[in-house]
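Please look over the sequence and the structure shown here before reading on.

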Amino acid sequence: LLLPPESSSPSPPSSLTADDFVNHFEKKVDDIRSSFAKSSDTAGPAHTALPCALTSFSPLSPDEISRLVTAGRPTTCPLDPIPSSLLQTISGDLLPYLTSLINSSLTAGYVPSVFKRARVAPLLKKPTLDPSDVNNYRPVSLLSFLSKTLERAVLGQLSCYLSQNNLLDPNQSGFKTGHSTETALLCVTEALRTAKANSLSSALILLDLSAAFDTVNHQILLSTLSELGISGAAHAWIASYLTGRSYQVAWREAVSAPRALTTGVPQGSVLGPLLFSLYTKSLGSVISSHGLSYHCYADDTQLIFSFPPSDNQVANRISACLADISVWMTDHHLKLNLGKTELLFLPGKDCPFHDLAITVDNSLVSSSQSAKNLGVILDNTLSFSTNIKAVTRSCRFMLYNIRRV
């Protein structure tokens, strides 16, 4: 880069300490969890046993271990004893040890405790925000390189089992081969364009969850995995992976005391996003039961409801769907943030514009002119003019910097 990124600039002046951050991050999750205190740890009645099963993870050959180590991005965490790039360089000499370490974990169904530690760095959400306010920071979790290598060994086998047995949600684009944010956006915009061409109006609802990955209930997740045919040593490995985790916050030159993680899937992990997708798989049936279609990318859920202009029950149907989604979220210890949930009303061809407002749990969700979805700004005419303006503004800023150089 010709100019250093903003992230490389010195930390903004602030009197905050590492303990301030760790207390804030812990309290935020505890406040959300407290609303689920009276909820049970079961997600509902058990499902019928599947004809398929994954009872154990297979040991890997030294060549497979070597590919896992060298193919990963050499991101170095403060918990790593040596830089990851150096580990990749000398991995051939360490291969017998690495193979024994990973295969012992897979066959025993146990994750070493040293692999279940995280170092969290607070990051200011925007440069213009007040650096002295702890609420203006988001946690960035860093995990050791070898722990993520072990996760990749499990991810490959778990993904293969789920794909071969069609156990993944077909409307989930996150963490699936051949899928991405682009496929999710294409699916949604194509559905909206098709409805408009057929003279149907559409409502696009973008759900917002509060600290979704951090409040996942382990017992519900493990029960869901059992329903998907995951048992034995494979189930024991994932249970070991989830439990006994801890994190410390690093700020400036100080590090906070360790804090235990009793809920959630690890932020910044390789396996966590897939586990979250499996955790929320049953949400699709709740949405479909109300006649709405949907598409997901990890914890970003997009609801689509297309209807003729003569339908005067649109608000009631969407409201009923969101109410059931809210109940499902509470049962699964997730918090639906209706205050940040966005609604776009897209009129069909030759259909008039009109305001659409949804009331759920005494919260009002009003339609807006545009909304940001997976990094792209969608407008209620699908012209993408707002997004184009934002992109050109960013390009102009980059060109200005190049001119300065």
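## An enclosed helix

Helix α9 is largely enclosed by the rest of the structure, because eight of its eight residues are buried, where buried means under 20% relative accessible area, exposed over 50% and partly exposed in between, with a 1.4 Å probe and protein chains only. Helices (H or I, at least four residues) and strands (E, at least two) are DSSP runs numbered from the N terminus. This is a predicted model, in which local features need pLDDT of at least 70 and side-chain atom pairs count only at pLDDT 80 or more, while totals for chains, interfaces and linings use all residues. Residues are numbered from 1 along each chain as its sequence is written, and side-chain values use heavy atoms, with hydrogens and water left out.

- The buried residues of α9 are G272, P273, L274, L275, F276, S277, L278 and Y279.
- The cover over these buried residues includes α5, β4 (209-210), α7 (218-227), α8 (232-242) and α11.

**Helix packing**

- The axes of helix α5 (residues 145-164) and helix α9 (residues 272-279) cross at roughly 35° and come within 10 Å; axes are lines fitted to C-alpha atoms, for helices over the stretch in contact, and angles run from 0 to 180 degrees between N-to-C directions.
- In this pair, E151, L155, L158, S159 and L162 of α5 meet G272, L274, L275 and L278 of α9, contact being heavy atoms within 4.5 Å.
- The contact of α5 with α9 is made up of six nonpolar, two polar and one charged residue, where Ala, Val, Leu, Ile, Met, Phe, Trp, Tyr, Cys and Pro count as nonpolar, Asp, Glu, Lys and Arg as charged, and the others, Gly among them, as polar.
- Helix α2 (residues 62-71) packs against helix α4 (residues 91-108) at an angle of about 110°, with the axes 9 Å apart.
- That angle makes α2 roughly perpendicular to α4, since angles of 65 to 115 degrees count as roughly perpendicular, under 35 as roughly parallel, over 145 as roughly antiparallel and the rest as oblique.
- From α2, P62, I65, S66, V69 and T70 meet S91, L95, L98, T99 and I102 of α4, and by class the contact of α2 with α4 has six nonpolar, four polar and no charged residues.

**Salt bridges**

- Side chains of opposite charge can pair when their charged atoms come close.
- A salt bridge here is a side-chain nitrogen of Lys or Arg within 4 Å of a carboxyl oxygen of Asp or Glu, and by this rule the count comes to four.
- One of them joins the side chains of R259 and E26, at 2.4 Å from N to O.
- This pair links distant parts of the chain, with R259 in strand β7 (residues 259-261) and E26 in helix α1 (residues 18-34), 233 residues apart.
- E26 is partly exposed, at a relative accessible area of 26%.
- R33 and D30 form another salt bridge, their closest N and O atoms being 3.6 Å apart, and both residues lie in helix α1, three residues apart, about one turn of the helix.
- R33 is partly exposed at 33% relative accessible area, and D30 counts as partly exposed at 35%.
- D311 pairs with R317 in a salt bridge whose closest N and O atoms are 3.7 Å apart.

**Cysteines**

- A search of the whole structure finds zero disulfides, a disulfide being a pair of cysteine sulfur atoms within 2.5 Å.
- C52 is in no disulfide, and the nearest cysteine sulfur, that of C160, is 12 Å away.
- C52 counts as buried at 14% relative accessibility, whereas C395 is partly exposed at 41%.

**Single residues**

- I358 lies in strand β12 (residues 357-360) and counts as buried at 1% relative accessibility.
- Although I358 and S319 are 39 residues apart in sequence, their C-alpha atoms are 5.7 Å apart in space.
- S326, in helix α11 (residues 314-331), touches L336 and D361, not counting residues up to four places away in sequence.
- Most residues other than glycine have a negative phi, and most peptide bonds are trans.
- S199, in the loop between α6 (181-197) and β3 (201-206), has a positive phi near 60°.
- A211, found in the loop between β4 and α7, has a positive phi near 45° and is buried at 19% relative accessible area.
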